[in-house]
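Thanks for coming, everyone. Please have a look at it first.

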Amino acid sequence: MAGNKKDLGDIMVEQGWISAAELEEARKALMSTSGTDLGKVVTDLGFASEQRVTQARAIQLGMKSIDLSAHPPKAEAILAVSQNLCQRHNVIPVMKNGNAILLAVSDPSNILAVDDVRLATGCRIETVLAAPSDIEAAMIHHYGSGEPAVVSDSPGNGTAHAMKESSGPSLASIVTDVETYKSRENLQDDDVQAAVTDAEQAPIIRVANAVIQQAIKDGASDIHVEPDRRGVRCRYRVDGVLHEAMTLPRYIHPPLISRYKIMSDMNIAERRVPQDGRIPISYEGKEYDLRVSCLPTLHGEKIVMRILDKSSVLIGLGKLGFFPETQAQIESIITQPNGMILTTGPTGSGKTTTQYSVLHKINNVEVNILTIEDPVEYQLPGISQVHVNRKAGLTFASALRSFLRQDPDIIMVGEIRDLETAEIGIEAALTGHLVLSTLHTNDAPSAVTRLVDMGVEPYLISAVVIGILAQRLCRKVCLNCRYTYEVPAHDLRRFGYKPESDDQMVQLVKGRGCEICKQTGYKGRLGIHELMLINDEIQELIVRRAPLADVREAARANGMSLLREDGLKKVLEGVTTPEEVMRVVFTAGSNF
């Protein structure tokens, strides 16, 4: 009942946000003014912030309030409501969950705003109170006034597409651009010329650029543009985990896919078979390479783009997460004149970054370095890099044979996939060259078994392999929202931790979740490593085809830390969490 509504000032005094004396002074000031309310007087006098007044007003009205700086609007919500509608009513959508939208309003009595948003979106609207200035700031941040990005219309022919940053994030302008394009909703799949024409329309170009630009801003490594029956879902892989960025209308799919195919120099008329391409991009003064894969699916073509930051590969060994003793061992073996060094781990574990960091470390004018890769992900100055071309007969094996006639000192093979490549790599190592390569195995000792399974003779493995590095990538705790907590020490026994007593507690760190880390509690990644150096005992075990467990025990006796042990050290140092180490290290049947 309105008669029972508590006074705004009394609420603020009860909450401790202003004093009784300040309330009395504000009421006196209110009596001498007209056309204003107590809340505005309190803020004008500097007794409380607009956010505090909004919280008190929400308590008064029995509503919920929201701090938009701590809980910023989600992209899918921004995409659902037009900029004009938000500006007209000073509202902003905060979250969209299925058929419901959480709408931040500054005036809870504005029923027309709720009705207009409901009619425009067809969604059920729930309101939450926010400070007017916060809503205005959020609108400027998420909608802005400029275009999201500008990209040249030339296809992916090696000329970098230039992307310029606008006054506001790029996702917001997609709303307007999608609406602009809506007239082409009934495009026929076989109308290739119409597809080209539509893909070159300004709204589609802006949408395509905006998706890429936002991914780069978010620090994504991959962009997934995937159609389903009702729409087009865009997801970004950030720190190794996929997050949904937005959902676009179904009718935007054909021109958007066509646009990306044009940019990456694919055949726009071919929709039945997978295609690959690349898009060079220059954004904010940095060079990026987008590796684009197009795959026909049940609901249409899906595009996945791998974002390669050309500067990130030169970050150096010291920033990959190695402990000092491990880094010292690696720097020792990579300066050997000959031998083979293997880096192992699943796809996406950072093997390529480690290989390039090693090459960058040992690259100088006195050595001739050759690489054979599939594909060449980053271009390194001063190094001769070769791209596999199977159609032309250029494979890892054939390139390696040619390398031996190119007077090399160091050879990097992107991956050892078969016996022929392995044997030529071993031959190169035996004849006085340092060979770097990768394998897909779970841990370092398993690399020996993998080579034997390929058909390589154990005595050759024993003779040339000098070190095997297994690695994973785990997410780091966000520095902005990190906090400490305690757990019983026995909870860490699975990582190899040995408690001093049954009631011992261990202090660990995790993230609460904030705007910087997108509410995940993690920001950035680093490596978890297991380095096996080959000594005389391990060489003998390899030649004897000893069981894998024996090789592992010998490596541990030689100072090797298991992946889980390396991860535990990083947990105890407050760099990451036990849950994250378990996610990336502990797999079915693992002995880590």
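Let me start with a term. Take a 1 Å grid over the protein atoms alone: a cavity is a set of points where a 1.4 Å probe fits but cannot get out, and lining residues have an atom within 4 Å of a point. Volume needs a word too: grid points are joined across faces, edges and corners, and a volume is the space filled by probe spheres set on the points.

Some ground rules. This is a predicted model, where local features need pLDDT of at least 70 and side-chain atom pairs count only at pLDDT 80 or more, while totals for chains, interfaces and linings use all residues. Residues are numbered from 1 along each chain as its sequence is written, and side-chain values use heavy atoms, with hydrogens and water left out.

Now the cavities. There are two of 30 Å³ or more. Helices and strands here are DSSP runs, numbered from the N terminus: H or I with at least four residues for helices, E with at least two for strands.

Next, the chain as a whole. It has 22 helices and 19 strands. Of its 592 residues, 50% are buried. Buried means under 20% relative accessible area, exposed means over 50%, and partly exposed is in between, with a 1.4 Å probe and protein chains only. Contact means heavy atoms within 4.5 Å. Among contacts between residues at least 6 apart in sequence, 63% join residues at least 24 apart.

On to the rings. The structure holds two aromatic pairs. Rings of Phe, Tyr and Trp (its six-membered ring) pair if their centres lie within 6.5 Å; planes under 30 degrees apart count as stacked, over 60 as edge-to-face, and the rest as tilted. Tyr-483 and Tyr-485 form a tilted pair, 6.3 Å centre to centre with 50° between the planes. Tyr-483 is partly exposed at 25% relative accessible area, whereas Tyr-485 is buried at 17%.

Phe-495 and Phe-586 form an edge-to-face pair, 5.5 Å centre to centre with 90° between the planes. Why does this pair tie together parts that are 91 residues apart in sequence? Because Phe-495 lies in the loop between strand S17 (482–488) and strand S18 (505–511), and Phe-586 in the segment after helix H22 (578–585). Phe-495 is buried at 2% relative accessibility; Phe-586 is partly exposed at 26%.

Charges meet rings too. A charge sits over a ring if NZ of Lys or CZ of Arg is within 6 Å of the ring centre and within 35 degrees of the ring normal. The charged end of Arg-512 sits over the ring of Tyr-483, 4.1 Å from its centre. Lys-569 lies over the face of Phe-323, 5.3 Å from the ring centre.

Now helix H21 (residues 563–572). Eight of its 10 residues are buried, so H21 is largely enclosed by the rest of the structure. Among the buried ones are Leu-563, Arg-564, Glu-565 and Val-571. The cover over them includes S16, S18, S19, helix H20 (548–557) and H22. Just after H21, Gly-574 takes a positive phi of about 80°.

Most residues other than glycine have a negative phi, and most peptide bonds are trans. Asp-265 is not a glycine, yet has a positive phi of about 65°. Lys-518 also has a positive phi, near 55°. Where is Lys-518 found? In the loop between S18 and S19. Lys-518 is exposed, at 52% relative accessibility.

Note on methods
1 Å grid on protein atoms, 1.4 Å probe; cavity = no way out; pocket = protein on both sides within 12 Å on 5 of 7 lines; lining within 4 Å.
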